[in-house]
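Here is a short report on side-chain contacts.

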Amino acid sequence: CGGEIVSTRTYDLNITYDKYYQTPRLWLFGYSENRTPLTVDQMYEDFSADHANKTITMETHPHLPGPPQASVHPCKHASTMKKLIDQIAEGGSELGVHQYLIVFLKF
């Protein structure tokens, strides 16, 4: 063990319903291990380059005051989840409602 301490970040997750896209919309707000809110740039460090500023953008939460939060844009949510559900079904399994959010977050 190199004796190096790894800092940990924590995220609050809020879910709203997007009426336009008719899907859930995820909102993430990050904190350092000292519970200090993360800056927009710090939150972007935690997302892959494939998703930052594309499917994950920083926006004002529709119901919570405060600084911008990371929002997983719902535009491709339904089609992406449909593909995943179809792939699971082709493998002979079924995606239960209780597993849906876990699969989405791992994607």
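The report below takes the salt bridges first, then the rings.

This is a predicted model, in which local features need pLDDT of at least 70, side-chain atom pairs count only at pLDDT 80 or more, and totals for chains, interfaces and linings use all residues. Residues are numbered from 1 along each chain as its sequence is written, and side-chain values use heavy atoms, with hydrogens and water left out.

**Salt bridges**

Side chains of opposite charge can pair when their charged atoms come close. Here a salt bridge is a side-chain nitrogen of Lys or Arg within 4 Å of a carboxyl oxygen of Asp or Glu. The count comes to four salt bridges. Among them are the pairs in this table.

| Glu-45 | Arg-9 | 3.1 Å |

Shared partners join Arg-9, Glu-45 and Asp-46 into one network. Helices (H or I, at least four residues) and strands (E, at least two) are DSSP runs, numbered from the N terminus. Glu-45 forms its salt bridge with Arg-9. Glu-45 lies in helix α1 (residues 40–45) and Arg-9 in the segment before β1 (10–18), so this pair ties together parts 36 residues apart in sequence. Asp-46 sits in the loop between α1 and β3 (56–59), so its pair with Arg-9 ties together parts 37 residues apart in sequence.

How accessible are these side chains? Buried means under 20% relative accessible area, exposed over 50%, partly exposed in between (1.4 Å probe, protein chains only). Glu-45 is exposed at 56%. Arg-9 is partly exposed at 32%, and Asp-46 is partly exposed at 37%. Asp-18 is buried at 12%.

**Rings**

Rings of Phe, Tyr and Trp (its six-membered ring) pair if their centres lie within 6.5 Å; planes under 30 degrees apart count as stacked, over 60 as edge-to-face and the rest as tilted. The count comes to three aromatic pairs. One of them is Tyr-11 with Phe-47: centres 6.2 Å apart, planes at 55 degrees, so the pair is tilted. This pair links strand β1, which holds Tyr-11, to the loop between α1 and β3, which holds Phe-47. Tyr-11 is partly exposed at 24%, whereas Phe-47 is buried at 15%.

The rings of Phe-29 and Tyr-31 have centres 5.3 Å apart and planes at 80 degrees, so this pair is edge-to-face. Phe-29 is buried at 9%, and Tyr-31 is buried at 14%.

The charged end of Arg-35 sits over the ring of Tyr-31, 4.0 Å from its centre. The rule asks for NZ of Lys or CZ of Arg within 6 Å of the ring centre and within 35 degrees of the ring normal.
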